[in-house]
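Take a friendly walk with me through the model below. Keep the view open and look up each residue as we meet it.

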Amino acid sequence: MTTYKTNVKWGKETIEIELNPSTGVSGLKSELQSRTGVPSERMKIMPKSKGLWKGVLKDTCDLSTLKLDGITPPIQMLMMGSATLPVEPVKKTVFLEDLPPEEAAKMVEPSGLINLGNTCYLNSVTQCLRVIPQLRNGLKNYTPTSGGGGGGGNQQQTQVHAMLLKSLLSTFDTLDASPTAISPNNLVMSTKMAFPQMAQTGPGGAPMQQDAEEFYSSIMGVGATELRGDNVIKSAFNNSHCGVDELNGANNVIDAVFGLKMEETLTCDELAPPGENKDDAAAMDTTTEGGSSSALVEPPVTTYDLHRKLVCNIQGGVDASSTVNITHLAEGIELSMTGKVEKYSDVLGRNSQWTRSQKIARLPPYLVVQFGRFYWKATPDSQDHAGVKCKVMKPVTFQSVFDAYEFCSDKVKKVLKVSRDKAAQEEEDRVAKKLRGEDVDDNGDEKKKEGGDSDAAAMETEKTAEVDESMDDELKAALAMSVEPEQQPPVGPGLPANFQGLYELFAVVTHKGRDADGGHYMGWVKADNSGSDADKNGKREKIGDTDEDNDDWFVFDDDEVSPCKTEDILKLKGGGDWHMSYLNFYRAKK
């Protein structure tokens, strides 16, 4: 039945309703009673639009006989009467207990995972991987292959890998749909089947504590073996920014999402590379049979390898005699990417000392950094064991934003520098405008003004138009080509436009305790702050006097989940018996 938009004036309020003539006068009054609280028997409804009834509306009036189509919408009415009944709320109140479990899970804090006996290593890593949409998309579109599993393994191994990946996705989905902590039985069982070393038990039969990084690397290895194929990779990135140039050799979801293509260069310390250290090389001249002299040169050896994480070398225990003191994440990463190795020299015909230097040749959308907290210390004087696993307790600071620019190859730096220079110029222009007293917003755009400024803007536009008319076509074309930005080659898959090499911290796995084979792991995951009132108003809470946002986070202590802040995360640097970062998860910053 046709309905008509109607406005009913009641005192100072205007009630908007949809008039349905088929329900009659009783239906109209019932609708108004629920909206205003005025009893139907005390209502007096009078017309304001022409073509309606005359006087006060009677209960016997047939609304369907009125020519409502000829009245200009909305139809106007006037109602008189005092409200004596409670008004039904426009939006019905629904209690959390009455919601379905999957809806209730969206209204409360994220759910935790029950500890099934030293499974905190698994719980913490799972909570961090849970918030990576590309990984979940790849798992949803994964179909086990028969006989090979995409990696050439046997049928039994493929089945075990498939069980592990399916249970991981099932755990993610169950966490999303449950308002309370869940038990990861299937994930723990499939993990122990896929990695028998994680099924070890102690003298009393209780499960032994495992390494969270070992579990993460094992999951990555299985995913890289199984999640192969163009269709799976494209589905992980929703068919965007995952072409051949972006992938740059990545043939599976794991390497596309987490993989770093590392460029390693080895240079011989005793011989000069071509074009370098010519004075030193001249001192090692050799004389050929014809009597001519030639300098000994050793060309650098460049190789490429794939890594799924960066390592922050804390320099503890590995080289106790070293004077290097690592206090910051960037220092530890730089130390791990350089070093000395002994290698055979074809020119010298013997082993010699070489300098190793690594650079990132392809950046991932998600970057994982491992802190070298644990190391093996040999104990030759002990009769009980050959060595012990020790933990480095020293503090190593990190920020909520990680800059990967200095660790990249020259080719990648060249691409990133374009966006970085553009952003620096925009910031410089914004500061300059503020210093001149111009009213600009955070993006550097000038705010609209009223009054005389409009005349000045009009004159400026007129001058610009005169200049444009005076230019010939060739000059205009040349100017357009110079203004048009040059298309930059991609530096990795799934990276945002104008990527500057900056990554934001979104998850951390920490370890508490002095025993490397014991202690307790916890996961810390950044909350979605995009829909908060502070984000909408552009006034996010800051950490102290800094410009760093103090966003909301959640800490997952197995089945117990608590809120925390960014300032609490930055305190996980170590240096005592408190929780200290072991795995940092970063994502490309937009």
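Tyr586 is buried, with a relative accessible area of 0%; buried means under 20% relative accessible area, exposed means over 50%, and partly exposed lies in between (1.4 Å probe, protein chains only). This is a predicted model, in which local features need pLDDT of at least 70 and side-chain atom pairs count only at pLDDT 80 or more, while totals for chains, interfaces and linings use all residues. Residues are numbered from 1 along each chain as its sequence is written, and side-chain values use heavy atoms, leaving out hydrogens and water.

The chain has 17 helices and 20 strands. Helices (H or I, at least four residues) and strands (E, at least two) are DSSP runs, numbered from the N terminus.

**Aromatic pairs**

Rings of Phe, Tyr and Trp (its six-membered ring) pair if their centres lie within 6.5 Å; planes under 30 degrees apart count as stacked, over 60 as edge-to-face and the rest as tilted. By this rule the count comes to 12 aromatic pairs. One of them joins Tyr121 and Phe215 in an edge-to-face arrangement, 5.8 Å centre to centre with 85° between the planes. Tyr121 sits in helix 3 (residues 120–129) and Phe215 in helix 7, 94 residues apart. Both Tyr121 and Phe215 are buried.

Phe402 and Tyr586 form a tilted pair, with 5.6 Å centre to centre and 45° between the planes. Phe402 lies in strand 15 (residues 401–403) and Tyr586 in strand 20 (residues 580–588), so this pair ties together parts 184 residues apart in sequence. At 5% relative accessibility, Phe402 counts as buried. Ring pairs also link Tyr216, Phe258, Tyr366, Phe506 and Phe585 into a cluster.

Axes are lines fitted to C-alpha atoms, for helices over the stretch in contact, and angles run from 0 to 180 degrees between N-to-C directions.

| Helix pair | Angle | Axis distance |
|---|---|---|
| Helix 3 and helix 7 | about 50° | 9 Å |
| Helix 5 and helix 7 | about 110° | 10 Å |

Angles under 35 degrees count as roughly parallel, over 145 as roughly antiparallel, 65 to 115 as roughly perpendicular and the rest as oblique. Helix 3 is therefore oblique to helix 7. At this contact (heavy atoms within 4.5 Å), Tyr121, Leu122, Val125, Thr126 and Leu129 of helix 3 meet Ala212, Phe215, Tyr216, Ile219 and Met220 of helix 7.

Helix 5 is roughly perpendicular to helix 7. Thr158, His161, Leu164, Leu165 and Leu168 of helix 5 make the contact with Ile219, Val222, Gly223 and Glu226 of helix 7.

Most residues other than glycine have a negative phi, and most peptide bonds are trans. Which two residues does a cis peptide bond join? The bond lies between Pro73 and Pro74, with omega about -5°. Pro74 is found in the loop between strand 3 (44–47) and strand 4 (75–80).

Asn238 has a positive phi, near 55°. Its loop runs between helix 8 (230–236) and helix 9 (244–247), and Asn238 is exposed, with a relative accessible area of 58%. Asn248 also has a positive phi, of about 50°. Asn248 is placed in the loop between helix 9 and helix 10 (253–258), and at 30% relative accessibility Asn248 counts as partly exposed.
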